[in-house]
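Subject: Structure handover

Hi,

Here is the structure I promised you. My notes on what turned up follow below it.

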Amino acid sequence: MFSTAPTAPAGPTATPTGEAASPGRPLRAWQRAAIEQYFDPEREDPEDFLVTATPGAGKTTFALALARRLLDARRVDRVVVVAPTDHLRTQWAEAAHRAGIELDPTMSNAVGPVRPDVRGYVTTYAQVAGHPMLHRARATAKRSLVVLDEIHHAGDGLSWGEAVQEAFADARRRLSLTGTPFRTKADERIPFVKYVEDDSAESEGGLRSLADYTYGYRQALADGVVRPVVFAAYTGTSRWRNSAGEVVAASLSDPSTKSVEALAWKTALDPRGDWVPHVIAAMDERLEHLREHGMHDAGGLVLASDQDDARAYARIVQRVTGEKPVLILSDDPKASQKITDFAEGDQRFAVCVRMVSEGVDVPRAACLAWMTSYRTPLFFAQAVGRVVRARRRGESATVFLPAVRPLLALAAEMETDRNHVIPPPPSVTSEEVDEGGLDLLPAPEREPGEAKEYEALEAQAEFAHVLHGGRALLGTETAPLEVTEEDEEFLGLPGLLSPEQTAALLAQRDAEIRKRTAAPRGPDEDTEPVAAEPAEESGEATWHTASLLRKEIHGLVGRVAAGRQMPHATVYAKVRAAVPGPPSASAGVDVLRRRRDHLLSMV
């Protein structure tokens with residue numbers, strides 16, 4: 001994460017501002033304090049303001065509350081939000097609608113001006129990079145607040161950073177948000193972020209970012225804003241055949257070379273072995289406990305490395321649990337709708353690759369199975385952030401992961417605030433350059449002339465330990481340790497079971513899970529698990545209504561063109577003449593409704 005000036009005060013000492021993100025929903029203490037910091041009369045009116053807040057803390061709510069206040073004070077006239085993904089565009093627009101701000105998430109680079117009946121729009125970093133001058137024109141046509149969500153994406157490459165700089169350098173105000181640790185190349189400064197020299201060991205004499213306001217995971221945990229996280233690590237023996245035909249066996253948790261560790265990890269994640277079903281069964285039992293004792297809609301996310309593994313894991317989930325999971329793949333046109341359906345529904349499992357990793361809001365998700373070989377601090381924080389959002393006191397999150405050194409180190413640093421670090425040019429190595437991305441496991445080390453291929457044979461799973469507060473608890477620290485049924489009901493709830501008891505209980509349940517997953521397997525289903533049909537669009541938000549009207553107009557134009565034997569372009573021209581105004585892509589809802597009604601009279 002970014003460094004701070006200042007940090008968030010404790011909840012009770014924050015001075016309320018009376019602002020609310022949406023009717024009837026008061027802001028959290030840190031959100032009020034950050035707004036006060038923004039409007040501090042002793043500070044110069046900020047052109048740039050950087051907030052770093054841990055995933056799940058409510059950055060979106062804070063940004064929209066600030067935008068609402070700036071709009072009401074007539075300090076800005078337009079709001080532009082830049083988000084990492086298309087799904088987040090819709091999520092931002094829906095949240096803005098609830099806050100009384102109409103933002104259009106459907107505007108493409110093919111559309112010119114912003115529609116007159118919205119306050120602004122939501123776009124993506126990729127779209128900004130595709131046409132920065134267009135977004136510059138939109139952001140300068142009116143006094144604009146530009147919200148740069150997960151600003152570290154502007155450091156993903158020089159082209160994106162340069163595009164963001166070109167597009168929004170002349171905007172009236174910029175609000176940058178982030179919540180994840182990362183590292184970039186020495187020459188990739190993120191636009192609109194202040195840096196200071198840093199001689200710490202982490203930056204090695206390079207630069208670190210300077211935030212205007214910081215709200216870390218440790219503070220959010222103390223305030224009850226996020227859930228406490230229990231990391232349940234599973235070890236086991238992996239066996240594979242190398243290119244020379246030799247069978248190699250290694251434990252996930254035993255000391256070994258990086259090459260052996262990588263292959264043991266890769267073999268454990270192979271869907272044909274027993275490691276994945278065992279961990280899925282353990283997570284299924286955890287979800288069952290949560291649902292029976294207070295969190296009736298608890299859901300679990302299974303994170304896969306690629307789409308083939310995701311499909312295979314979905315079949316395993318169905319075999320082990322008896323229920324079809326939601327399968328969310330990035331190339332599925334219904335992926336965003338599936339995420340929404342899962343977030344609002346009651347299904348127990350969703351299997352995904354990267355669609356549910358950053359900014360996606362699924363508050364009922366309480367368990368995460370780390371079935372991926374991604375291992376960067378950035379991706380780890382993003383993914384774990386999907387299960388830490390608190391809804392009420394007493395909820396906890398459980399992350400099931402392989403007991404390998406890279407992941408255990410990231411779990412141990414969960415409560416550590418991190419800066420955006422730029423190392424000095426002389427010390428940049430290929431490993432440092434890759435750290436900010438989604439690197440997979442490193443390629444195994446090979447002897448000269450040895451082929452790359454290997455064949456996974458089998459992998460067994462076994463509970464290793466619970467990681468809590470940087471300590472590994474094996475479940476045998478206190479003996480004999482009795483865990484009653486009453487204790488078991490409250491597994492993981494803060495203050496009711498000690499970390500040692502939690503570890504002991506998971507260890508006790510592990511033997512039963514092994515028996516359950518060792519049962520003979522039936523043939524895998526060939527069909528992909530599917531989610532429930534998408535829910536109907538509500539049409540409440542202005543942008544949503546406009547989108548539906550444009551689709552309706554397009555269909556009516558086709559009917560009129562077919563009935564009157566006219567080209568589509570001719571029908572569109574007649575409609576524009578009868579109902580003057582901008583093209584449909586830029587037209588407001590009133591204009592679209594009149595055009596729709598005119599077309600109905602022509603059918």
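This is a predicted model: local features need pLDDT of at least 70, side-chain atom pairs count only at pLDDT 80 or more; totals for chains, interfaces and linings use all residues.

Beyond its neighbours within four places in sequence, W370 is in contact with W265, L269, L303, F379, F380, A383, F400, L401, P402 and L407. W370 also stands out in the largest nonpolar core, which has 123 residues. There, W370 and W275 touch the most other members. Helix 9, residues 275–292, gives this core its largest share, nine residues. As general background, nonpolar side chains in soluble globular proteins tend to be buried together.

Three strands make it up, in the order 14-13-21. The sheet is open and the pairing is antiparallel. Strand 14 and strand 21 (455–459) are the edges, and each pairs on one side only. From one strand to the next, the twist averages 25°.

Now the individual pairings:

- Strand 13 (residues 237–241) and strand 14 (residues 247–251) are antiparallel, with five bridges. S238 has A250 in strand 14 as its bridge partner.
- Strand 13 and strand 21 also run antiparallel, joined by four bridges. W240 sits opposite A456 of strand 21.

Strand 13 and strand 14 form a hairpin, with five residues between the two strands.

Last, the cysteines. How many disulfides are there? With a cut-off of 2.5 Å between cysteine sulfur atoms, the count is zero. A disulfide would be a covalent bond between the sulfur atoms of two cysteines. Two cysteines have accessibility values to pass on. Are C352 and C367 buried or exposed? C352 has a relative accessibility of 1%, so it counts as buried, the limit being under 20%. C367 is buried as well, because its relative accessible area is 0%.

That covers my notes.

Best wishes

Conventions
Residues are numbered from 1 along each chain as its sequence is written. Side-chain values use heavy atoms; hydrogens and water are left out. Two strands pair if DSSP finds at least two bridges between them. Buried means under 20% relative accessible area, exposed over 50%, partly exposed in between (1.4 Å probe, protein chains only). Axes are lines fitted to C-alpha atoms, for helices over the stretch in contact, and angles run from 0 to 180 degrees between N-to-C directions. A nonpolar core is a set of buried Ala, Val, Leu, Ile, Met, Phe, Trp, Tyr and Cys residues joined through side-chain atoms within 4.5 Å. Contact means heavy atoms within 4.5 Å.
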